[in-house]
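Dear colleague,

I am handing over the structure below, followed by an account of what was found in it. Please read the two side by side.

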Amino acid sequence: MRFTKKITAAILSLVLVLAVGVTCMAAESWGSYFGFDDPNNNHGYEAASGKLTVNNDKAFTATVNTFGWQGVWGGQVKKPVNIAKGSKNIIAFDISSSKIDKYVYIKISTGEDVACAFWLYLQKGKTIKVSKTFTAAAKADTVNFAIGGDAGDRGGIDADGEYRYKVFDQDFKGKGDYATLLAQNFNGNDIATAASEIKVTNFVLAGKPAKAKISKAKALGKGKVKVTWKKVAGANGYQVQVGTKKKTTTKTSYTMKKFKKGKKVSCKVRAYAGNKALYGSWSKAKKVKVK
């Protein structure tokens with residue numbers, strides 16, 4: 001019995017040791033990969049070095065000591081998602097780089113099956129507000145912010161090199177090709193050895209909200225109408241329409257004022273995801289006679 005307990009204790013200890021070495025812990029919202037700091041990476045000297053210093057469901061800060069020259073995948077911040085092919089979605093966040101100008105690649109995919117991908121150009125010290133709706137071109141299980149140093153010379157080296165450079169040329173059409181712009185940014189900012197904080201806040205990745213349903217629409221008197229509805233899973237807020245008036249709220253009820261007594265008004269609600277960028281369908285309308 002004692003021998004069995006010792007074996008069990010030893011196994012539990014080993015599991016705990018292995019768990020500590022895993023970057024994406026269950027208690028954290030984001031996982032990370034910095035190749036220079038990974039002892040299993042044979043080319044670690046080419047990759048980024050850093051760590052996550054802020055990590056929660058809606059934000060992360062990647063404090064990067066060096067970005068390296070292994071390409072964007074030398075430094076990654078990612079987390080699991082569940083997006084169905086053909087579904088309509090929104091991705092929204094604020095992003096900044098503290099010390100250098102930097103290109104960042106965002107990829108939503110399952111491996112090389114890409115639902116959505118795009119590049120951003122960050123100017124040091126400035127925050128970009130991103131809000132992008134997309135119809136998923138493939139099923140996706142991961143959203144990945146690729147932040148490693150990329151000089152535009154990884155075509156044919158990385159598995160997705162040609163794809164991401166094609167996306168780059170589409171995103172920056174008219175400003176120059178990927179080889180020129182990435183090389184200029186890489187060399188002009190000494191990105192291989194540069195340090196910066198890549199900060200993301202207010203992160204949202206959500207599908208189109210379900211159709212809202214009104215629980216009650218009631219005239220309160222003095223020209224007021226109160227509309228109450230059921231909470232919609234995944235919604236960031238709601239748009240309410242009474243007559244021709246529209247208002248937004250994060251609550252599940254709203255009272256509108258200054259309607260003419262005796263007038264009949266139609267009430268309806270719809271949910272939205274992100275910063276009012278992706279709306280669900282309007283609820284079935286309910287009519288109320290103003291008191």
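**Salt bridges and other local features**

A search of the whole structure finds six salt bridges, a salt bridge being a side-chain nitrogen of Lys or Arg within 4 Å of a carboxyl oxygen of Asp or Glu. Please keep in mind that this is a predicted model, in which local features need pLDDT of at least 70 and side-chain atom pairs count only at pLDDT 80 or more, while totals for chains, interfaces and linings use all residues. Residues are numbered from 1 along each chain as its sequence is written, and side-chain values use heavy atoms, with hydrogens and water left out.

One of the salt bridges joins D94 to K129, with the closest N and O atoms 3.3 Å apart. This pair links distant parts of the chain, since D94 belongs to strand 5 (residues 88-97) and K129 to strand 8 (residues 127-135), 35 residues apart; helices (H or I, at least four residues) and strands (E, at least two) are DSSP runs, numbered from the N terminus. D94 counts as buried at 12% relative accessibility, whereas K129 is exposed at 68%, where buried means under 20% relative accessible area, exposed over 50% and partly exposed in between (1.4 Å probe, protein chains only).

A network of salt bridges links K107, E112, D150, D160 and R164. Within it, E112 pairs with K107 at a closest N to O distance of 3.0 Å; E112 is partly exposed, with a relative accessible area of 48%, but K107 is buried at 4%. R164 and D150 also form a salt bridge, their closest N and O atoms being 3.0 Å apart. Because R164 lies in helix 2 (residues 161-171) and D150 in the loop between strand 9 (140-146) and helix 2, the pair ties together parts that are 14 residues apart in sequence. Both partners are buried, R164 with a relative accessible area of 0% and D150 with one of 5%.

Helix 3 (residues 178-188) has L181, L182, N185 and F186 as its buried residues. Seen down the helix axis, these fall within an arc of 125°, so they line one face of helix 3; the arc is that of the directions from the helix axis to the C-beta atoms. The face turned away from the buried side of helix 3 carries the exposed residues Q184, N187 and G188.

Two backbone angles deserve a look. Most residues other than glycine have a negative phi. D190, however, has a positive phi near 50°; D190 is found in the loop between helix 3 and strand 10 (196-207) and is exposed, with a relative accessible area of 53%. K276, also not a glycine, has a positive phi of about 60°, and K276 lies in the loop between strand 16 (264-273) and strand 17 (278-279), where K276 is partly exposed at 40%.
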